[in-house]
Amino acid sequence: MAKRIVIFGATGNTGLCVLNHAVEKGMDVRVFVRDKTKIPENVRNKVDIIIGDVTNDTDVSKAVASRDAVVVALGTRNDLKPTTVLSEGMKNIIEAMKTHKVELVSVCLSAFLFYKPDAVPVIFKDLNADHQRMFDLLKESGLKWIAILPPHISSTENLKYIIKHDESPGRAISKYALGAFLVDCLEQSDHYQKICGIATGS
């Protein structure tokens with residue numbers, strides 16, 4: 001059972017939904033953040049906070065220690081410039097998981113990974129390239145990973161969703177549903193080592 005989790009990217013748009021869902025489920029939640037003031041006050045005293053940088057392997061290792069599972073919701077906010085921060089962070093997370101014998105990880109990537117590279121809109125190509133590097137590291141890790149590839153992430157409060165392996169089932173997903181699935185899938189072994197497309201259900 002994945003009772004003790006650590007969330008990377010817990011103060012982003014999706015990450016806050018992951019955080020709230022995990023706390024509401026009564027899990028033992030640790031968050032890895034650069035700035036603890038971005039953690040909402042209503043949950044700040046319910047979580048273990050580690051301050052650090054995902055590109056620092058020592059910081060990451062400290063966060064993964066004594067956890068059962070990891071949720072990765074790393075993002076760049078609205079910065080679409082070339083980056084390797086996400087994949088460097090993923091590399092450090094995987095190494096820390098192996099060091100601390102943690103097997104389970106769910107990772108939020110992007111539905112653009114379902115596209116052929118030349119079909120990805122130009123403005124997203126650089127970010128998508130780092131998502132691809134993250135995904136390649138996951139596939140080679142030998143861990144029990146779940147790769148979640150959301151389409152457009154909306155703010156609607158619809159918690160219903162559809163999951164399809166190896167394809168995208170729709171054009172949008174609520175951030176609340178996405179956050180919930182990133183947590184709930186950790187206990188759903190049929191998704192282990194699978195590429196999960198997700199979209200709003202009815």
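**Reading burial, contacts and backbone angles**

Author: Let us begin with helix α6, whose buried residues are K175, A177, L178, G179, A180, F181, L182, V183 and D184. The model is a predicted one.

Reader: How many of the residues of α6 are buried?

Author: A residue is called buried when its relative accessible area is under 20%. By that criterion, nine of the 10 residues in α6, which spans residues 175–184, are buried, and the helix is mostly covered.

Reader: What does a side-chain oxygen of S174 reach at the start of α6?

Author: That oxygen comes to within 3.0 Å of the backbone nitrogen of Y176.

Reader: Let us turn to another aspartate. Where is D130 placed, and is D130 buried or exposed?

Author: D130 lies in helix α5, which covers residues 125–139. Its relative accessibility is 0%, and therefore D130 counts as buried.

Reader: With which side chain does that of D130 make a polar contact, and which residues does D130 touch beyond its neighbours within four places in sequence?

Author: The side chain of D130 makes its polar contact with the side chain of R133, at 2.8 Å. Beyond the sequence neighbours, D130 is in contact with T83, T84, V85, L86 and S87.

Reader: What is phi of Q193, and where is Q193 placed?

Author: Phi of Q193 is near 55°, again a positive value in a residue other than glycine. Q193 belongs to the loop between α6 and β10 (194–200). Its relative accessible area is 45%, so Q193 is described as partly exposed.

Reader: How many helices and strands does the protein have, and what share of its residues is buried?

Author: The protein has six helices and 10 strands. Of its 202 residues, 50% are buried.

Reader: Which radius of gyration would a compact globule of 202 residues have?

Author: The idea is to compare the value with a rule based on chain length. A compact globule with 202 residues would have a radius of gyration near 17 Å, and the 15 Å of the protein agrees with this. The C-alpha atoms fill a box of roughly 40 × 35 × 35 Å along the principal axes. Among contacts with a separation of 6 or more, 68% come from residues 24 or more positions apart.

Reader: What is the accessible surface of the protein, and how many positive and negative side chains are there?

Author: The accessible surface comes to about 9,900 Å², and carbon and sulfur atoms account for 50% of it. There are 26 positive and 24 negative side chains, with the centres of the two sets 2 Å apart.

How values were computed
Residues are numbered from 1 along each chain as its sequence is written. This is a predicted model: local features need pLDDT of at least 70, side-chain atom pairs count only at pLDDT 80 or more; totals for chains, interfaces and linings use all residues. Side-chain values use heavy atoms; hydrogens and water are left out. Buried means under 20% relative accessible area, exposed over 50%, partly exposed in between (1.4 Å probe, protein chains only). Helices (H or I, at least four residues) and strands (E, at least two) are DSSP runs, numbered from the N terminus. A polar contact is a pair of N or O atoms within 3.5 Å; within protein, one must be able to donate a hydrogen and the other to accept it, and residues adjacent in sequence count only if both atoms are side-chain atoms. The radius of gyration is taken over C-alpha atoms; the globule rule is 2.2 Å times the number of residues to the power 0.38. Contact means heavy atoms within 4.5 Å. Accessible areas come from the Shrake-Rupley method with a 1.4 Å probe; for residues, only the protein chains shown count as cover. Lys and Arg count as positive and Asp and Glu as negative; His and the chain ends are not counted. The place of a charge is taken as NZ of Lys, CZ of Arg, CG of Asp or CD of Glu.
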